[in-house]
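Keep the sequence and the 3D view open while reading.

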Amino acid sequence: MDISAEELASLIYDKIEKNLTNLKAQFEQSNDVIKYFYLDDLLPIEIVQRIRKAFPDESDMMQKKSLREFKYIAAQMDRYDPILESAIYAFQDKRIIQLVEEIVGKTNLVADEYLYAGGISYMGEGNFLNPHLDNSHDRNRNLWRAFNLLYYVSPDWKLKDGGNLELWPEGPKAKQITIESKFNRLVVMITHNESWHSVSKVNSSAGRCCVSNYYFCKNPMKDSDKFHVTSFRGRPEQPIRDALLNFDITLRQGIRKIFKKGVVKNPHVYKK
């Protein structure tokens, strides 16, 4: 039986609303550079298990493999089980956006119905995501990226399985904060020109599955923010990769100064 985005949003709303005071405190007390909060046991287990079971095989997703990253993504949600689309758009419900605004102390946040860089992702054994800054804007460069919402749906996931979210508040050369990609956990983190983050290499054959959304805003989260492309760096133990990726940033940033919307359209959008 299908479950709608509205029904899922109601369940999410109730869970967040019950934990509102604690989530506000958690966000306020989190790292000053990359502020975040997370909430466990977001949805009933049987629903989360259905979401995980609905994930397509990686052969039916877009592979992204380079020095920067190795993962599988999808945004064309009408190709898959409807519960995946419901799970994504539940987080775009106005009630959920308003609760997040209350927690983080921001207003006028906007969800992205076209899922630019959002949707679902799968990371199998050996997959990774190097330290990076997300693209500063939406696909049309009209709005600033403000918050990432990451919802993890892999049962029995443990810290040792890897695939965990890493925050680098002092940059990719310093020590990171690790947030476990725990089953049924929602993580919300701020996005700006210092919000370096990564995903550690996956050590499990079970696969790390994530439902992703981004909220945008008319104004940047930091006054010092400037436009930037998605920018990858090497990890502290990867000096050669870091040098290559630094050059990659310079090259792509230069191209975007000439071609405002890029040379090739990013295919990672929901074509409705």
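A residue is called buried when its relative accessible area is under 20%, exposed when it is over 50%, and partly exposed in between, with a 1.4 Å probe and protein chains only. The model is a predicted one: local features need pLDDT of at least 70, side-chain atom pairs count only at pLDDT 80 or more, and totals for chains, interfaces and linings use all residues. Residues are numbered from 1 along each chain as its sequence is written, and side-chain values use heavy atoms, with hydrogens and water left out.

Start with the core. A nonpolar core is a set of buried Ala, Val, Leu, Ile, Met, Phe, Trp, Tyr and Cys residues joined through side-chain atoms within 4.5 Å. In soluble globular proteins, nonpolar side chains tend to be buried together. Here the largest such core has 68 residues, and Ile-16, Ile-51, Phe-147 and Tyr-151 have the most contacts inside it. Another core, of 7 residues, lies apart from it and includes Met-123, Leu-129, Trp-157 and Phe-232. Contact means heavy atoms within 4.5 Å. Leaving out residues up to four places away in sequence, Ile-51 touches Leu-43, Ile-83, Leu-84, Ala-87, Tyr-151, Val-153 and Val-211.

Next come the aromatic rings. Rings of Phe, Tyr and Trp (its six-membered ring) pair if their centres lie within 6.5 Å; planes under 30 degrees apart count as stacked, over 60 as edge-to-face and the rest as tilted. The whole structure has 6 aromatic pairs. One of them joins Phe-27 and Phe-37, edge-to-face, at 6.4 Å centre to centre and 75° between the planes. Phe-27 is in helix α2 (residues 20–29) and Phe-37 in strand β1 (residues 36–39), 10 residues apart. Helices (H or I, at least four residues) and strands (E, at least two) are DSSP runs, numbered from the N terminus. Both Phe-27 and Phe-37 are buried. Tyr-89 and Tyr-270 form a tilted pair, because their ring centres are 6.5 Å apart and their planes are at 45°. Tyr-89 belongs to helix α4 (residues 82–90), while Tyr-270 is in the segment after α6 (239–258), 181 residues apart. Tyr-89 and Tyr-270 are both buried. Phe-27, Phe-37 and Phe-147 form one aromatic cluster.

Strand β10 (residues 185–190) is mostly covered, with 6 of its 6 residues buried. In a regular strand the side chains alternate between the two faces of the sheet. In β10, Arg-185, Val-187 and Met-189 point one way, and Leu-186, Val-188 and Ile-190 the other. Two strands pair if DSSP finds at least two bridges between them. β10 pairs with β1 in the antiparallel sense over 4 bridges, and Tyr-38 stands opposite Val-187. Strand β7 (residues 144–152) also runs antiparallel to β10, joined by 6 bridges, with Leu-149 opposite Val-188.

Ser-212, in strand β12 (residues 208–217), counts as buried because its relative accessibility is 8%. Its contacts, not counting residues up to four places away in sequence, are Ile-88, Gly-118, Gly-119, Leu-149 and Leu-150. Asp-161 lies in the loop between β7 and β8 (165–167) and, at 11% relative accessibility, counts as buried. The C-alpha atoms of Asp-161 and Glu-125 are separated by 9.0 Å, although these residues are 36 residues apart along the chain.
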